[in-house]
Amino acid sequence: MPLRARINFFLSNPEESNIGWRLQQLLMVLLFINVCAMASETVDGPRFGSSDPGYPYMPGDSTFIAVEVLFSLFFVFEFVARWVTAPSQSQFWRSVSTWITLLAAIAALPRLLLLAAGADTEFADAFMFNLRILRAIRLIVLAYVYVGTKVLFQAAVNSIAPLTITLFFLVTVVMVFATAIFYAEPCYDLKTCTFTDILNTGYFVMLTVATVGYGSQVPSLHNAGSLILVCIVMIFGTVYFSMPLAIIGVKYELAWAEYEEYAENLKLPQQNQPQREKKRTSKLSADMSRRQIINALAGRNDDDELEKIEAHTMKYASSNTCDRFYQLSQSILEVNASLQHIVCPPAAATDIPTTLEAVIQSTKRRSDEASHALDGIMSVIKLHTRVCSEAHELFSRAVNKVRMYTIVLSIAVFYLQTTSELQNTGVRTFLCQRNVHAFCDRYDDPGCYVFKEVSGTGSGLSVEVTEQIVDFDCEIGDPDETCYASGVNFGSKNFPVSCSDVFPSGPGITYVCNSRLCNPPVQFMFDMEPYWIYFEFLFGFLFTVEVALRVYAHPVRRLIWADLKVLASILILIPFYVEVVEIMIGEWPTYSVIPTLPSFFSMVRFLKSLRILKLGSHIPGSRVLIRTAQLTVERIVIPLFFLFLGCVVSAAVFFELERGTECFVGKSCMWWSKNVLTAEMSEGLPIGKRICVQNTLVTMMTDMLHSTWFSLVSFTTVGYGDLYPRTSLGKMVDIIGVIFSSCYTAMPLTLVGGQFYICYELYAQEKMLKKVSFLLVVVNESTSQLRWYLIELLSDELKSRSSRTSLLQLFGV
């Protein structure tokens, strides 16, 4: 073998030779070391010029540059070797891995050259230098030669279909609960609130479902609504993740079993080749094409040698084919006779041919006009047949695509309505006006009334409050002095009093003065409030048409209220018609989802989040989740009951162990002959305020609510970190609780996960049987050569083009 071919063989097929395998391992080790060196460059060491580096033992910048030069030279040399020894240059440059290797090799060269020339490296650092991360991607590409990597990728591919179902369910639950939590704990003060918008809340819900629980976001323990919702999310997370874990685990195990079976079959002697071909079901063979696998499963030889066909099978197929051909020929001849009557009528009625032979003779004598007319009629008949068979399917696909895109866009619009970047805020904006209006409907602060100018002794403007309530139905800038932000009222440019002076109450400070709606925006891009109405009316019209069509086409209209799809569609339309009513009565609706005091008009918009449920009809296999829930709901009650019981019992124990000493501000609080209530603890608190103290710290678990929350967070393995035991005895009890939680999570993992896998496999088998059920009797009893003929014959019996395509795809034709 020539040297060039040998080098290419070592680099392209490392698993085929010892030299290639050693080169492969060396390359992966060097890539790993280089990635570690790249990570070390980001550490706070002497290379940044700090007077007090966090890691003073790290090397300087010159060392990192020298290391990068060595790695870059090696990777460039490797790429050149692959390039020069490639047997086909066009195929080499069309490969994605080629460009990954090239960019990873030359990523640092521009910066190194600029450093050598003494020029500025800012541009190189910003673009090319960061492409070195492709070297980490090369590790993944090069690792594909290992058997474990191939098995892992095969398991991932096999898991995509079932994971799609669980992913849709996850997104649905996360966004619905995120919307509910955002409404339950609205963000009045952008600087202190936990959940600023629904997307931010969705991030928190996702971390909770995944049982990660960073602790950067925790619901307020004084908000019962958000606490209950988060508790449901934590329990759901332990149950939900059992489904994808079961799918991935089983698929990975099956992939290994298939590979081991394939490896065992390769070891069989050559004389057992036929038996080995029948047993080979693994898809991991890179040498077998899809057609070869199908041919092997179907019993069809690659050399296409004719096999003996049984007499009764051939007779059956020939008889059916001849019957169909005769019927088709007779129909064409009848059409031909009718056309000859029209185009070339006979001279007398006795000249009409009545037998098949006479028709054939008459056909030979027909004129060119009749022949063209017959061809035209046959073309029209064929076109009509094709249009009739495909029109309904094409129309249904188009309607479903429009429906799906509309649903996706409506969901995106709803969640964009919650983002502060698309909301113009400030005292002289529509959103602040609506917020103050909602506040003044419940509270009676001076800022809710009209102010008038009075003469003062100083040079400044003096105002006093009147008894007339501000008109909140005016537009911003209305000259009427009784309107909001007009004259010298609150929100006007001439208003001389601060917000806290006209809204002095606690709710006024919270809901108005500290509200992000009445303060300048932190990050503002564009005000979409005037334009949301066009989107909402479009969605409302389309969803109304959908509901009308569902009602019209429902087979039993008196049972329509039992159809969950119709009920869900009606619920989703309620916010739209509520907004229409608001416009009709003169109240312009607020389309931006903003933190305001709860009201019917603000809470009814929560139903918009249910739009995501409409996507369920576009997700194949969504009924697998419903079936899984039906089969596991009774059996999952027992683990959930014990979870609740364990939380209550452990909460009582933690409360007794961690509540500390009960103290009151203004009184001494003695514990072990010392006063544990220090001046720092009672500073700013009213006399008589109750405080629980643990030694020298304020108690965390001051009541059963806090201890129950801590128990549930621990048992569901979320671990936010906002509460934790301090006493030694409390830590020992927590260890026992952690062991209990491990046993608890194993139950839904086995129960729900296993049941979901069984339901999905049944669904997949049912889906496959629908494709091939009509071929089982005829095709499986036929010889291999006749199979392919019968596939074509039976597919013609189907009037659907998609069914024919499914047959051909299934058998690899």
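Author: A polar contact is a pair of N or O atoms within 3.5 Å; within protein, one must be able to donate a hydrogen and the other to accept it, and residues adjacent in sequence count only if both atoms are side-chain atoms. At the start of helix α11, such a pair is formed by a side-chain oxygen of N223 and the backbone nitrogen of G225, to within 3.2 Å. Helices (H or I, at least four residues) are DSSP runs, numbered from the N terminus. The model is predicted: local features need pLDDT of at least 70, side-chain atom pairs count only at pLDDT 80 or more, and totals for chains, interfaces and linings use all residues. Residues are numbered from 1 along each chain as its sequence is written, and side-chain values use heavy atoms, with hydrogens and water left out.

Helix α11 comprises 17 residues, 224-240. From its first C-alpha to its last, α11 reaches 24 Å, close to the 24 Å expected at 1.5 Å a residue; the expected span is 1.5 Å times one less than the number of residues.

Helix α12 covers residues 242-266, S242 among them. S242 is buried, with a relative accessible area of 1%. Setting aside residues up to four places away in sequence, S242 touches P748, L749, V752 and G753, where contact means heavy atoms within 4.5 Å.

Definitions and conventions: Helix = DSSP H or I, 4+ residues; strand = E, 2+ residues; numbered from the N terminus. Buried < 20%, exposed > 50% of the residue type's maximum accessible area, 1.4 Å probe, protein only.
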